[in-house]
Amino acid sequence: MMDAVVLAGGLMTETDPLYPLIPEDAPKYKAFLTINGKPILQWVLDVLDSSPKIENIILVGQPEQNGFSSAKPIYFLE
């Protein structure tokens, strides 16, 4: 078993071309860009959940209350 480290702290500014694509009520992290109605970071967490080799997820650059979920333990490093 191993842990996965996910780097997800990139903030956008109003000059970023992807800035308008972030939902208005979401923080302006790049991880909140949505594909098919789900934030990119949630897609990554879902894939890690499906791996039997991953035991824990270390999420770097996101606050603990970010709305993302995982069946595996997530440890936050802001």
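This is a predicted model: local features need pLDDT of at least 70, side-chain atom pairs count only at pLDDT 80 or more; totals for chains, interfaces and linings use all residues.
**Helix, sheet and aromatic rings**

Q: Against which strands do the buried residues of H1 pack?
A: Helices (H or I, at least four residues) and strands (E, at least two) are DSSP runs that are numbered from the N terminus, while buried means under 20% relative accessible area, exposed over 50% and partly exposed in between, with a 1.4 Å probe and protein chains only. Contact is taken as heavy atoms within 4.5 Å. On these terms, the strands against which the buried residues of H1 pack are S1, strand S3 (38-39), S4 and S5.

Q: What is the strand order in the open sheet?
A: Strands pair where DSSP finds at least two bridges between them, and in the open sheet of three strands this pairing is parallel, in the order S1-S4-S5. Strand S1 (2-7) and strand S5 (74-77) are the edge strands, each pairing on one side only. From one strand to the next the twist averages 25°, and the order is S1-S4-S5.

Q: How many of the seven residues of S4 are buried?
A: S4 is largely enclosed by the rest of the structure. The reason lies in its count of buried residues, which is five of the seven.

Q: What angle does the direction of helix H1 make with that of S4?
A: Axes are lines fitted to C-alpha atoms, for helices over the stretch in contact, and angles run from 0 to 180 degrees between N-to-C directions. Helix H1 (residues 40-50) packs on the sheet and touches S1, S4 and S5. Its direction makes with that of S4 an angle of about 160°.

Q: Which exposed residues does H1 carry on the face turned away from its buried side?
A: Leu 41, Gln 42, Leu 45 and Leu 48 are the residues of H1 that are buried. They are on the same side of H1 because they cover an arc, taken from the directions from the helix axis to the C-beta atoms, of only 120° around the axis. An α-helix has 3.6 residues a turn, so residues three or four places apart point the same way. The face turned away from the buried side carries the exposed residues Val 47 and Ser 50.

Q: How many residues apart are Phe 32 and Phe 68?
A: Rings of Phe, Tyr and Trp (its six-membered ring) pair if their centres lie within 6.5 Å, and planes under 30 degrees apart count as stacked, over 60 as edge-to-face and the rest as tilted. A search of the whole structure finds two aromatic pairs, and in one of them Phe 32 and Phe 68 are tilted, 5.0 Å centre to centre with 45° between the planes. Phe 32 lies in the loop between S1 and strand S2 (34-35) and Phe 68 in the loop between S4 and S5, so that the pair links distant parts of the chain, and their separation is 36 residues.

Q: Which residues do ring pairs link into a cluster?
A: Phe 32 and Phe 68 are both buried. Ring pairs link these two and one further residue, and the cluster consists of Tyr 29, Phe 32 and Phe 68.

Q: At what distance from the ring centre does Lys 38 lie over the face of Trp 43?
A: A charge sits over a ring if NZ of Lys or CZ of Arg is within 6 Å of the ring centre and within 35 degrees of the ring normal. The charged end of Lys 28 sits over the ring of Tyr 19, 5.0 Å from its centre. For Lys 38 over the face of Trp 43, the distance from the ring centre is 3.8 Å.

How values were computed: Residues are numbered from 1 along each chain as its sequence is written. Side-chain values use heavy atoms; hydrogens and water are left out.
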